[in-house]
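Dear colleague,

I am handing over a structure for you to look through. Please open it first, and then read my notes on what was found in it.

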Amino acid sequence: MPFDPMALALFAVLVTALVCATVVCVVALCRAHRTDAVAVVRALADLVAVLTR
């Protein structure tokens with residue numbers, strides 16, 4: 001069963017975006033102070049909104 005190259009490229013881009021977003025979130029949570037963790041979690045909604053545009 002051959003794969004469509006365009007669908008494969010789209011899948012690769014989506015996986016790359018998901019991995020990058022995960023890394024950004026983990027790094028932001030690790031670098032945040034304990035009191036800032038709530039603000040970081042709230043900012044994740046903005047990050048998701050940007051990535052879904």
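Of the 53 residues in the protein chain, 6% count as buried, where buried means under 20% relative accessible area, exposed means over 50%, and partly exposed lies in between, all with a 1.4 Å probe and with protein chains only. Please keep in mind that this is a predicted model, in which local features need pLDDT of at least 70 and side-chain atom pairs count only at pLDDT 80 or more, while totals for chains, interfaces and linings use all residues. Residues are numbered from 1 along each chain as its sequence is written, and side-chain values use heavy atoms, with hydrogens and water left out.

The protein chain has 2 helices and 0 strands; helices (H or I, at least four residues) and strands (E, at least two) are DSSP runs, numbered from the N terminus. Its radius of gyration is 15 Å, whereas a compact globule of 53 residues would have one near 10 Å; the radius is taken over C-alpha atoms, and the globule rule is 2.2 Å times the number of residues to the power 0.38. The C-alpha trace spans about 50 × 20 × 10 Å along its principal axes.

The accessible surface of the chain comes to about 4800 Å², and 74% of this belongs to carbon and sulfur atoms; such areas come from the Shrake-Rupley method with a 1.4 Å probe, and for residues only the protein chains shown count as cover.

Helix H1 covers residues 5-31, and Val23 lies in it. Val23 is partly exposed because its relative accessible area is 46%. Val26 is also placed in H1 and counts as partly exposed at 44% relative accessibility, and its C-alpha atom is separated by 29 Å from that of Ala7, 19 residues apart along the chain.

Helix H2 covers residues 37-51 and holds Val41, which is partly exposed at 48% relative accessibility. The C-alpha atoms of Val41 and Phe3 are separated by 38 Å, and these two residues are 38 residues apart along the chain.

Which residues line the largest pocket? The lining consists of Leu14, Ala17, Leu18, Ala21, Cys25, Leu44, Leu47, Val48 and Leu51. The elements giving two or more residues to this lining are H1 and H2, and H1 gives the most, with 5 residues. On a 1 Å grid over the protein atoms alone, a pocket is an open set of points where a 1.4 Å probe fits, with protein on both sides within 12 Å along at least five of seven lines, and lining residues have an atom within 4 Å of a point.

Best wishes
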